[in-house]
Amino acid sequence: VLGVPVEFSCNTAAGLAAVDESFGGWRGVGVSAAGEPVRVRVIVHPGDESPGPVSVTWRMPDTRRIIGHTAGSVGIADLERRDVFIYATPTLLADRVHFCHGLLEALTLTTINALDRSPLHAGALVRDGSVLLLTGASGQGKSTLVYTAMRAGMDVLADDAVYIQLRPELRLWGVPSRLYLLPDVRGVFPELGSLEPTVLANGKTKLVIPTDPARRPMLPVRAGRVGAVILRRSTGPVSLARVSAADIRSTLQADLETWFALLGDTMEEVIGRVAGDGGWLLTLSANPLEALPCLSRVFDELDRRDRPAHSD
């Protein structure tokens, strides 16, 4: 998973099926991390959950342990030992949205993040060896713009979360199998008109859309050029402007307090690499299709960074 070897085990076939649902797509992806594998053990135990919607509560007793629990289930990630234990009730296991996305994936990925896979809240597009990170506060249109770019032929690395590996070289990882869009995009994209929304583990209602397999880059992406674009929604026209490295850093650092506590200097280095000497601010209109020329323009500028100057 993200190039890190992970051993999963469970005492029931249903639990293994849930694991396969979340992580089976990583079979066949090469390993690029040294050391012992991450061990994830799921134990289905007797019990039940409280009536009503399932809610996962999180605790962090120190910077190396994460605990998530519901009324009848509990999961613990020990980052130092590379261990994850989840004691799940049959009721929670049957609720795949909350078990898979709300507990299993959260704890497994958090443990992997500590192994040089630092997470950033950003979408990611790939074109000819360049990676463009789309960042900004939730609701600014990252996932919608990623879907728009995919329709236009750009490769999709991630729609909302990208993982940065620093060593032995800069590599980028994502989970490009599906996108999560707000239901109102059905008014812009007729092909999505018949899709029914899904309530996710975080309580948000989204359209879950598989990505085009032809638009998924081979993982990891060894990016020679990385640029960052801050997205901002508006009711006016589309515009594109350069912004400073400080602007990029400030946007990337928002809501990452927990990750700075867990990963410390690594997060600082990651953000510094991404911010570089600055990036772009892309102000979006109500129609995401109008932003496509701006994305192409930014990719063109990234490509020119490696071109030697010519003289007569």
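Helix 4 (residues 142-151) is mostly covered, with 9 of its 10 residues buried, where buried means under 20% relative accessible area, exposed means over 50% and partly exposed lies in between, for a 1.4 Å probe and protein chains only. This is a predicted model, in which local features need pLDDT of at least 70 and side-chain atom pairs count only at pLDDT 80 or more, whereas totals for chains, interfaces and linings use all residues. Residues are numbered from 1 along each chain as its sequence is written, and side-chain values use heavy atoms, with hydrogens and water left out. Helices (H or I, at least four residues) and strands (E, at least two) are DSSP runs numbered from the N terminus.

**Helix 4**

- The buried residues of helix 4 are K142, S143, T144, L145, V146, Y147, T148, A149 and M150.
- Helix 4 is followed by G153, whose phi is positive, near 100°.

**Helix 5 against helix 7**

- The axes of helix 5 (residues 245-253) and helix 7 (residues 265-275) come within 9 Å and cross at roughly 135°, the axes being lines fitted to C-alpha atoms, for helices over the stretch in contact, with angles running from 0 to 180 degrees between N-to-C directions.
- That angle makes helix 5 oblique to helix 7, because angles under 35 degrees count as roughly parallel, over 145 as roughly antiparallel, 65 to 115 as roughly perpendicular and the rest as oblique.
- On the helix 5 side, A245, I248, R249, L252 and Q253 meet E268, I271, G272, V274 and A275 of helix 7, contact meaning heavy atoms within 4.5 Å.
- By class, this contact of helix 5 with helix 7 holds 6 nonpolar, 2 polar and 2 charged residues, where Ala, Val, Leu, Ile, Met, Phe, Trp, Tyr, Cys and Pro count as nonpolar, Asp, Glu, Lys and Arg as charged, and the others, Gly among them, as polar.

**Helix 1 against helix 3**

- Helix 1 (residues 13-23) packs on helix 3 (residues 96-113) at an angle of about 70°, with their axes 10 Å apart.
- Helix 1 is therefore roughly perpendicular to helix 3, and the crossing of the two is right-handed.
- Helix 1 contributes A14, A17, A18, V19, E21, S22 and F23, which meet R96, F99, C100, L104, E105 and T108 in helix 3.
- The residues in the contact of helix 1 with helix 3 divide into 8 nonpolar, 2 polar and 3 charged.

- T135 lies in strand 9 (residues 130-135) and is buried, with a relative accessible area of 1%.
- Leaving aside neighbours within four places in sequence, T135 is in contact with H121, A122, K142, V229, I230, L231, T251 and L252; the C-alpha atoms of T135 and L252 are separated by 6.9 Å, although the two residues are 117 apart along the chain.
- S130 is also found in strand 9, and at 0% relative accessibility S130 counts as buried.
- The side chains of S130 and D303 are joined by a polar contact of 2.9 Å, defined as a pair of N or O atoms within 3.5 Å of which, within protein, one must be able to donate a hydrogen and the other to accept it, residues adjacent in sequence counting only if both atoms are side-chain atoms.
- Not counting residues up to four places away in sequence, S130 touches L125, R225, F299, L302 and D303.

**T266 in helix 7**

- T266 lies in helix 7 and, at 29% relative accessibility, counts as partly exposed.
- T266 and D116 are 150 residues apart in sequence and 7.8 Å apart in space, C-alpha to C-alpha.

**Backbone exceptions in loops**

- A cis peptide bond joins R167 and P168, with omega about 10°, and P168 lies in the loop between strand 11 (162-165) and strand 12 (171-173).
- The peptide bond from L219 to P220 is cis as well, with omega near -5°, and P220 is found in the loop between strand 15 (205-210) and strand 16 (225-233).
- R82 has a positive phi of about 60° although R82 is not a glycine; R82 is found in the loop between strand 5 (74-78) and strand 6 (83-88) and is buried, with a relative accessible area of 18%.
- D128, another residue other than glycine, has a positive phi near 50°; D128 is found in the loop between strand 8 (122-127) and strand 9 and, at 64% relative accessibility, counts as exposed.

Conventions: A crossing is left-handed if the near helix is turned anticlockwise from the far one by less than a right angle, and right-handed if clockwise.
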